[in-house]
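Take a look at the model below.

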Amino acid sequence: MDSLRAIRARGISKCFGDVVALDGIDLDVAQGQIHGLVGPNGAGKTTLLGLLLGLAVADSGRLEILGTPVGRTFAAPDGVAGFVDGPGLYPSLTARQNLAALAALRGRDARTAGIDEVLDQVGLTDVADDRTRGFSLGMRQRLGLAAALLTRPRLLVLDEPSNGLDPAGKKHVHGVLTRLAAEGTTVVLSSHRMDDLEALCSEVTILATGRVVFSGPLSKLAAENRELDYRLLTSDPQTARRLAAGAPGVRVVDDAVGRQGAEVLVVRALVPALDQLVARLVESGIALRELAPVVSPLEAAFLALTEQQQQAGTPPQETGPKAQETEARREDAEARQETEAQSQEAGR
Amino acid sequence: MTATATVVAPEPATGAGRVSVARCYRFELVKLVSQWRIRLLVLACWIAPGLFVAGVSQQSTLPADTLFGRWMLATGWAGPLVILGFSGTWALPLLTSVVAGDVFASEDRLGTWRHLLVAVRSPRRIFAAKALASLTVILLLVAGLAASSTVGGLAAVGNHPLVGLDGHLLAPGDAAGQVLLAWACVLAPTLALVGIGLLGSVVLGRSPMGLLLPAVVALAMQLAQMLPLPVAVRLALPSWAFISWNGLFTSPAQLGPLVIGIVVSLVWAVTATALACLLFLRRDFTNLTDVGSARRAVAVGLLPLVGLAGVTVAVVASATGTTGSGISQDKVQRSLATEFAHLYRMQTRQLNRPAVTEAQLKAAATCNKGSVRVAAEGPGNDWRCVVSWHLPDVEATGTAIYQLDVTSDGRFVADGDGPKEVNGYFLVRTPTGDAPNPLWQFDGNVVLLSTSKG
């Protein structure tokens, strides 16, 4: 299984002075997966991405990237590319010159490095010969992605890649990332845009105060989570409202939150209860024209989990197989650290 | 753009692994040369000195307050030396500030450190490449200053002999060699400023002080050179090498102070660069606030250099055994008499009189400083000297009076006070017309070390 993991982190901790940025992080990311990293400001996302890019070394724990253990020196393993805190571009160079300089740095001929291809992929062909000094944030993001693509990465690490992107730019970036993943590249990206993550990621990790509060598939997050608000648009709102009010496990909440509307019905329910309501509506001959969560499952989970974390000051108690797996990983990490400590002691 | 563009396959890139210093160096050069201010500086350094020297050499008013400035009408080799004096004071500190003082700070300003580290994957190689690239650009600028001023001088005035600081004539070939050597010598203090610039750029990051540090340090050292400090302190500062090239233009050359200046400069260059490297390698690039701390700047940037200054002062003082200002009555008299004898011969040739040698002249000087109750030593503009000489087959002893302004770095300007036929007027009447009188005003220098003759 390890050979299929692009990232394997166990008990990663990182402090900046008195500030604990990462506190015993465990993370597994499979090859070819687009993995989202979510968390409030200061949760440790950028620090974790920095570790993956080789910009820092962890104070403790074990990190394997693309099957290679990361040592104690600054250096990203081969095949890793990306950016944190925005792409690094030189404003006195054109977009093409930025990429050509990067290609030359990697020992590649600018003519055969595929600069035109990556510019085309991110939609910057028309401004390839413009100096990047005048680029908008979205254009800079796309050029940063192009720079990362130029190195033909096997692991792409991106911090807020959708920042500043217009819909067309977003479409370009999503298309590129999806195709990269389909061809085997692992993508780890952080974002505050839940719609982006839901559109792109098969799995997400939620961080809060330096700890993992959830890691797994999006579907699991939705299933494990509490009730959500759903917006229903039906052919007969009055009847639908009456049926919803009488349905077990379903509460009509539009009045309570001031979303009263003649056509729109907002209910709060778990997924199974919502499924039953939909079946009853259809049985009653009511056409369901629209059904969507008011807040996405990921956003709801993010808010709930991080609020819970902040209130408790500790990660929420996980249950089920995931929790057992996490506990097993922690024990594994602790045992390994103990062994390492003993080895070091013996070495002295 | 098409939405169906083929994605580059995720195969290992060629050239995987750490980027070599050579590639990184080229990358840094591309970045530096792409900046308009660097291009402007290169252009200015390769054009402006030549135009300045050519322009000044066509005027009757010369920059006499600059060493060799009064000889700009006489030979094209004076021009590059005037520019060299100006460069040591202003141009080189400012150029090193703009290039070396910004080479690391620019990455902070642009927010590109992480990008660079991910691309290169070795802070050590990044440091080496940046240091080499900034050094290359500075060498290009220095070469421009030297080449341009030389071409301007030779084109405007011609390839004529140069009068040295002790009045002896250097043939054009010798003058060319000495001018080239003088420019090569100031590379050492320039390297010291580059090291200080790198240190400031690493320690102070985006702070304007990082950019200005070489200029500020150079200015402070120039001020120190102007103060009546002990000669050991003067020689222990890297800025001394911006002055000590003067010794190449005496016969014999005053190599002792020059070598000390170069060695001290190189020690400063190595120490400052090593400190910068050490601090850069310890920097945490995930923590954006990990730069610019005033406490750290003082603790790891300033204090070691202050310590180095103290050590070099002690070493120079013990090695040379020199104390005080280094300017004594005996040295001033010897230096003035020697130079007077050389220049007297030049005047003799101008006036088409019978040739006379320095040995026949037996020139001697008697100097006092200010009041007779004050010891005749140290810098000041109140030196008054009487030079005497003899001519073959002439019973009478010739005498001429000079007022000397001796600065603390050993340089002096001798201003003739008469008699008018010898040194009291700025022109002499030659068979071909009026010509500048070489004995009227001239520059000289007193060697500060007691081991050499002045």
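Helix α11 (residues 320–347) of chain A has the lowest mean pLDDT among the chain's elements, 43. The highest, 94, belongs to β8(A). Helices (H or I, at least four residues) and strands (E, at least two) are DSSP runs, numbered from the N terminus. Chain A as a whole averages 81, and 82% of the residues score at least 70.

This is a predicted model: local features need pLDDT of at least 70, side-chain atom pairs count only at pLDDT 80 or more, and totals for chains, interfaces and linings use all residues. Residues are numbered from 1 along each chain as its sequence is written, while chains are lettered from A and ligands numbered from 1 in the order in which they are written.

Domain bounds come from an automatic or database domain assignment. Chain A is divided into domain 1 (2–222) and domain 2 (225–297). Their centres, taken over C-alpha atoms, are separated by 39 Å.

Now turn to helix α5. In α5(A), the buried residues (20 or more other C-beta atoms within 10 Å of their own; exposed means 12 or fewer, partly exposed in between; C-beta atoms are placed from the backbone) include Val173(A), Val176(A) and Leu180(A). On the other side, Pro167(A), Ala168(A) and Ala182(A) are exposed. Among the partners of the buried residues of α5(A) are β3 (34–38) and α4 (137–150) of chain A. Just after α5(A), Gly184(A) takes a positive phi of about 110°.

Technical notes. Contact = placed C-beta atoms within 7 Å. pLDDT = per-residue confidence, 0-100.
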